[in-house]
Amino acid sequence: MQVWEAYLNNRATRNRDGRFLVQGVRPITQAVANDWPIETLLYRLGTPELSGWARELLDSAEVPCIGLVPELMAELGEKAGGIPEVVAVAESRATELDDFAPGEPGEDAPVVVVFDRPNSPGNLGTLIRSADAFGADAVIVTGHGADHYDPQAVRASTGSLFAVPVLRAAGAAQVLAFRDRQIGRGIPTRVVGTDENGTHAVFDHDFADATILVVGNESSGMSAAWQQACDDLVSIPMGGSASSLGAPSAGAVALYEISRQRRTFVG
C-alpha cells in the first residue's frame, strides 16, 4: 500500500519502479482499449456493490485484482467527491525519440507537439488531450518538465495519454536532430513556435508540411534557444484584455488551425 501511495506524488518512485496509477473510468477504459500494460487492478470492497463497468473490468482482467477497504481506495483515488471503484497500477512506457519515425515518405505529414519545460502536470495532460483530439502523432516534453505519469497529468488527459505517444527530450538539439532525420526520410518538416511576438498570425501560416509545433513554458514562454531553433514563429491574435493565452490553450488553438487547414470537406 505504501508503494502505491508513493506513486501519487513521488516522481522518483514512479521512475524507479516504472509504475504509475490510473484513476477514473475513462482513463482506465482507454488504457485497456489501447492495450496498455496494466500490472494490477485495485478495487473497492464493501457496499454499495460495484457498477457493471467495474464488475466487467475485473471479471475480464488477466492481471491480479486486489480488494481494498474504502478508506484506502479513497487515499489512492484522491477524489473529494467520492470513493473510486477501481484504480489501476500501470507500467510506464519509455519510447526513445531516437527510435521515433512517424509517417511515410510521400504519404503523410505528421504533426508532433513539443511542450518545453511544463510546470504543471495538469497543463501537460490537457495538452496531450488536445494533441489527441486534433490528430497529432506525438507529444514531446523537453527539459525537466512535469511528469506525464503524474496522476494529475493522467487525469487531465482523460485517457489520451494511452492513445498518443509521449516522449522526453533534453532540449531543442535533440528535437532538431529528430527533424533532420525526418527530412532525411523524405518527409519535409518545419519547426513552428507559438509566440506572442510571432512574425505572422497562426491562420496565415501554411501547415501543409509535416510540423513540429513548439509550445513554450507557462511562466517564461518560449526560450531564446527555442526561438532560434524554430523555422517560423506564429502568434495567436486576441481581443479583450488578456495579454496572452495559457500554454495548453495556445497549443490547442494552433492544433485546431493545423487540423482545419488539412481537413478534407466532402459534400
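The model is a predicted one, and each value given here was computed from it. The largest nonpolar core holds 44 residues, a four-stranded sheet is arranged in the order β1-β4-β2-β3, and a search of the whole structure turns up one cavity of 30 Å³ or more.

**Nonpolar cores**

- Within the largest nonpolar core, which has 44 residues, the members with the most contacts inside it are Phe20, Val22, Val113, Leu161, Phe162 and Leu255, and the element that gives the most to this core is helix α10 (residues 247-262), with five residues.
- A second, separate core has 20 residues, among them Phe100, Ile140, Leu167 and Ala169.
- When residues up to four places away in sequence are not counted, Val113 touches Leu127, Ala131, Ala136, Ala138, Val139, Ile140, Leu213, Val215 and Leu255; of these, Leu255 is itself listed among the residues with the most contacts inside the largest core, whereas Ile140 is included in the second core.

- Four strands, in the order β1-β4-β2-β3, make up an open sheet with mixed pairing.
- Because β1 (19-23) and β3 (65-68) stand at the edges and each has a single partner strand, one side of each is left without a neighbour in the sheet.
- From one strand to the next, the twist of this sheet averages 25°.
- Strands β2 (residues 38-44) and β4 (residues 86-91) run antiparallel and are joined by five bridges; Leu41 stands opposite Ala88 in β4.
- Helix α1 (residues 2-9) lies across β1, β2, β3 and β4, and it runs at about 80° to β1.

- The largest cavity has a volume of about 50 Å³, and its lining is made up of Pro102, Pro110, Val111, Val112, Phe178, Gln182, Thr189, Ala210, Thr211 and Ile212.
- Two or more residues of that lining come from each of β5 (111-116), α8 (172-184) and β10 (210-215), with the largest share, three residues, supplied by β10.

**Glu96**

- Glu96 is found in the loop between β4 and β5, and because its relative accessibility is 47%, Glu96 counts as partly exposed.
- Between Glu96 and Met222 there is a separation of 126 residues in sequence and of 24 Å in space, taken from C-alpha to C-alpha.

Terms used. Residues numbered from 1 in each chain as written. Predicted model: local features only at pLDDT ≥ 70, side-chain atom pairs only at ≥ 80, totals over all residues. Heavy atoms only, no water. Core = buried A, V, L, I, M, F, W, Y, C linked by side-chain atoms within 4.5 Å. Buried < 20%, exposed > 50% of the residue type's maximum accessible area, 1.4 Å probe, protein only. Contact = heavy atoms within 4.5 Å. Pairing = 2+ DSSP bridges. Axes fitted to C-alpha atoms, helices over the stretch in contact; angles between N-to-C directions. 1 Å grid on protein atoms, 1.4 Å probe; cavity = no way out; pocket = protein on both sides within 12 Å on 5 of 7 lines; lining within 4 Å. Points joined across faces, edges and corners; volume = space filled by probe spheres on them.
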